[in-house]
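Take a moment to look over the chain before reading on. The paragraphs below lead through it step by step, beginning with a definition.

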Amino acid sequence: MAARVNPAFDNTSAEEPVSDSVRAEPRSAIARLAILHAEAEQTARLANLLGRSFYVALILPIAAGVTIAFSTAAGAPRCVAWALLVVAASLAIARAYATTIGQPFERAVLQAFSRDLSAVLLYAGFAWGAGAFLVLASAAPIGTAVLFASAPTLALALVLRERNAVLLFLAPVVTLTAFACVLRPFTGGALQAALVLICCAIVGGALFAADRRRNQIRADALPVI
């Protein structure tokens, strides 16, 4: 009679190696969780950007109206021309907002809105910067150009809380304003241009620092894979 091994003492099944796919399942599940978390975070960020963009559409024409009210030296045609440029940017933002608000949690729609908003903000930066040539008085006190360039940028930064979007607005504003200080020229033109560059560089640095801080907080919240 052939000898049979008692199943109670058979260790072959217990010592059978675990396959790589079985070992990878928990790890891949955590990876999928991290991907879903990142997608949900991006959707929430873009949805918040969508909601905040409505306030930008209001801020730009209001800020332009305040600037025109204090620019007594500028003629009516120049003020109207600049106001139309800024209002066009505001209407473009409002249109993008109205088109997207019906689907506020669709990632593809929100990503398309983010691209449209970036393009509009770049145009808005050029439109606002044109005011340094059209509206600001060349005899304005030193610091006027700095306030003109930095005040709307700070307002957009506080409202949007999105580094790249604000930088798209800031870049043409600071460039055109600095050129206007020297080319028109303003009172203390070179000094005003330098102050504009320095102040806006500080604003840009603050945007990078705040963005790095937010990214660090997000990275700490992600599960370890």
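A disulfide is a pair of cysteine sulfur atoms within 2.5 Å. The model shown here is a predicted one, and the structure holds 0 disulfides. Cys199 illustrates the point: the nearest cysteine sulfur belongs to Cys200 and is 5.5 Å away, so by the 2.5 Å limit Cys199 is in no disulfide. Cysteines in this chain also sit in different surroundings, as two of them show. Cys181 has 0% relative accessibility and therefore counts as buried, since buried means under 20%. Cys199 has 23% relative accessibility and counts as partly exposed, because that value falls between the 20% and 50% limits.

Now for the overall plan. The secondary structure of the protein comes to 6 helices and 0 strands. Read from the N terminus on, the order of elements is α-α-α-α-α-α. Of the 225 residues in the protein, 32% are buried. The protein exposes about 13,100 Å², and carbon and sulfur atoms supply 67% of that area. What share of the contacts between residues at least 6 apart in sequence joins residues at least 24 apart? In the protein, that share is 81%.

Helix α1 covers residues 20-70, and several of the details below involve it. Tyr55 is placed in this helix. Together with Phe54, Leu58, Ile62, Val66 and Phe70, Tyr55 forms a nonpolar patch on the surface. The accessible area of these residues together is about 650 Å². Tyr55 has 47% relative accessibility, so it counts as partly exposed. Phe54 has a relative accessible area of 36%, which means that it too is partly exposed.

The structure holds 5 aromatic pairs. One of them is made by Phe54 and Tyr55, whose ring centres are 5.9 Å apart. Their planes stand at 75°, and because an angle over 60 degrees counts as edge-to-face, the pair is given that name. With Tyr97, Phe54 and Tyr55 form one aromatic cluster.

A second pair has another geometry. Are the rings of Trp128 and Phe148 stacked or edge-to-face? They are stacked, with 5.3 Å from centre to centre and 20° between the planes. Trp128 belongs to helix α3 (residues 107-134), while Phe148 belongs to helix α4 (residues 144-160). The two residues are 20 positions apart, and the pair links distant parts of the chain. Trp128 is buried because its relative accessibility is 2%. Phe148, with a relative accessible area of 5%, is buried as well.

At 15% relative accessibility Thr67 counts as buried, because the value is under 20%.

Helix α2 spans residues 76-100 and contains Arg95. Arg95 has 63% relative accessibility and counts as exposed, because the value is over 50%. Arg95 and Ala57 are 38 residues apart along the chain, and their C-alpha atoms are separated by 9.5 Å.

Most residues other than glycine have a negative phi, and most peptide bonds are trans. Arg161 has a positive phi of about 55° although it is not a glycine. This residue is found in the loop between α4 and α5. Its relative accessibility is 52%, so Arg161 counts as exposed.

The other detail concerns a peptide bond. Arg184 and Pro185 are joined by a cis peptide bond, with omega at about -15°. Where is Pro185 found? Pro185 lies in the loop between α5 (163-183) and α6 (189-221).

Conventions. Residues numbered from 1 in each chain as written. Predicted model: local features only at pLDDT ≥ 70, side-chain atom pairs only at ≥ 80, totals over all residues. Heavy atoms only, no water. Buried < 20%, exposed > 50% of the residue type's maximum accessible area, 1.4 Å probe, protein only. Patch = residues over 30% accessible without salt bridge, like charges linked within 9 Å, V, L, I, M, F, W, Y side chains within 5 Å. Areas by Shrake-Rupley, 256 points an atom, 1.4 Å probe, with all protein chains shown as cover. Salt bridge = Lys/Arg side-chain N within 4 Å of Asp/Glu carboxyl O. Helix = DSSP H or I, 4+ residues; strand = E, 2+ residues; numbered from the N terminus. Phe/Tyr/Trp six-rings, centres within 6.5 Å; stacked < 30°, edge-to-face > 60°. Contact = heavy atoms within 4.5 Å.
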